[in-house]
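Reader: Got a model open here and some questions about it. Can we go through a few residues?

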Amino acid sequence: MTAFDPLHPLQSRILEILAASPKLDVQDIHNHLKKDVSVPNLYRIISQMVDAHMLVREDGKLSLNLIWIPHVLSFAETVRKTYTQQSKTMEFAPLKKKERREYMSESLSALDSIWFHLLMKIGNESKSKQWYAYNAHPWHVLGVPATELRGYESMGKSGLKTNMLYGNDTFLDRYGAKLVRAEKFHTAINAENPFPKEEYLLWVCDEYVIDCILPVNIAERFSHFFNSVHSIKEFDAQVFSDIFHMKARCKITLRRNKKEADKLHGVLKRYF
C-alpha cells in the first residue's frame, strides 16, 4: 500500500491500517507495522494524531476521528474533479505528428516525478491503456522504491497496464525485478535485446515514445553496483539512493511518431 502522505510514512500507514480495521489498540497497530517503529515512538506518534483530531481513542481502542474524515473526502473529491481524466482542465495537449518535447531537471529524482506525470496523462487518454517499457536496469525500484511502487500502483488502479523489460541479468537486476507487485504491472528480463545495456530508459504507448539517456556520471555509478553486488548483504541501499539526488543535467524526450512507436512495439512485445 502506498503512503497517504509520503513525507510522513508512519502516520500514513497508521491511517491506512485504521481505515481498513477500526478499533485497534496500540499493540495491534504495532503488530501491523512490525519492526518499523518502536512502541514508545508509536505511542508518541499516535498521541500527536489524536491531538490533531485525526484519530480518536475510545476505551483504549483507536479509530479514525469522524470529524477528520469529511475533510479527507472533500479533498479527494476536489482532486477527482480537477485532476482525473474526466476533467477537461487537465487533459494532455497532444503533440502534432512527429512533434517532440523535452523536459529537463537537475537530478534524476526530480526527473522521476515529471516522468510519472507524463505516463499517467498520456496513458489515460490512449486507446490501448498500455505501456511497453525498457529499462537497462531496475534503478528506480532499487533506489526510490516507495515512490516507484506508488507510481505503478496508481497506474494500475487507473486501468493502465505496464510491460517492463529489464535489459540485464545480474543479481540486482533479478532482485529488483521482483520488488514491484502492482496491479497490471508485468516484468521480463532478457539480456539479449537490441537496446543500450547501461544508460537507457524507454516507454511506448500508442503513437507516443518517451526516452532518456542517463548522464555518464550517473550511469557509471549505477553500473558499479550492478557489476559488483552479488548478494543483498553487499548492497548499500542508501548510497545507491543518493545517486538519484546527484546534480546532473537530466532530460526526458517525448515525441509522437507512429512509425517509430510501431517498430518499438513490435520489438518489445516479443518479450511478453
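Author: Starting with His 140: this residue sits in helix α6, residues 139-143. Helices (H or I, at least four residues) and strands (E, at least two) are DSSP runs, numbered from the N terminus.

Reader: Before going on, what kind of model is this, and what are the ground rules?

Author: This is a predicted model, where local features need pLDDT of at least 70, side-chain atom pairs count only at pLDDT 80 or more, and totals for chains, interfaces and linings use all residues. Residues are numbered from 1 along each chain as its sequence is written, and side-chain values use heavy atoms, with hydrogens and water left out.

Reader: Is His 140 buried or exposed?

Author: Buried, at a relative accessible area of 7%. Buried means under 20% relative accessible area, exposed over 50%, and partly exposed in between, with a 1.4 Å probe and protein chains only.

Reader: And which residues is His 140 in contact with?

Author: Leaving aside neighbours within four places in sequence, His 140 is in contact with Leu 108, Asp 112, Pro 145, Glu 148, Leu 201 and Phe 244. Contact means heavy atoms within 4.5 Å.

Reader: Switching to charges. How many salt bridges does the structure hold?

Author: Nine. A salt bridge here is a side-chain nitrogen of Lys or Arg within 4 Å of a carboxyl oxygen of Asp or Glu.

Reader: What does Asp 25 form a salt bridge with?

Author: With Lys 61, where the closest N and O atoms are 3.8 Å apart. The pair links distant parts of the chain, 36 residues apart: Asp 25 is in the loop between α1 (9-20) and α2 (26-33), and Lys 61 is in strand β2, residues 61-64. Asp 25 is partly exposed at 23% relative accessibility, and Lys 61 is partly exposed at 33%.

Reader: What about Glu 102 and Lys 251?

Author: Their side chains meet in a salt bridge, 3.5 Å from N to O. Glu 102 is in strand β3 (residues 100-105) and Lys 251 in strand β9 (residues 250-256), so the pair ties together parts 149 residues apart in sequence. Glu 102 has a relative accessible area of 45% and Lys 251 is at 34%, which makes each partly exposed.

Reader: Where does Glu 207 lie, and what is its partner?

Author: The partner is Arg 256, with the closest N and O atoms 2.9 Å apart. Glu 207 lies in the loop between β7 (200-205) and β8 (208-213) and Arg 256 in strand β9, so this pair ties together parts 49 residues apart in sequence. Glu 207 is partly exposed, at 21%.

Reader: Which residues do shared partners join into one network?

Author: Arg 100, Glu 102 and Lys 251, through salt bridges.
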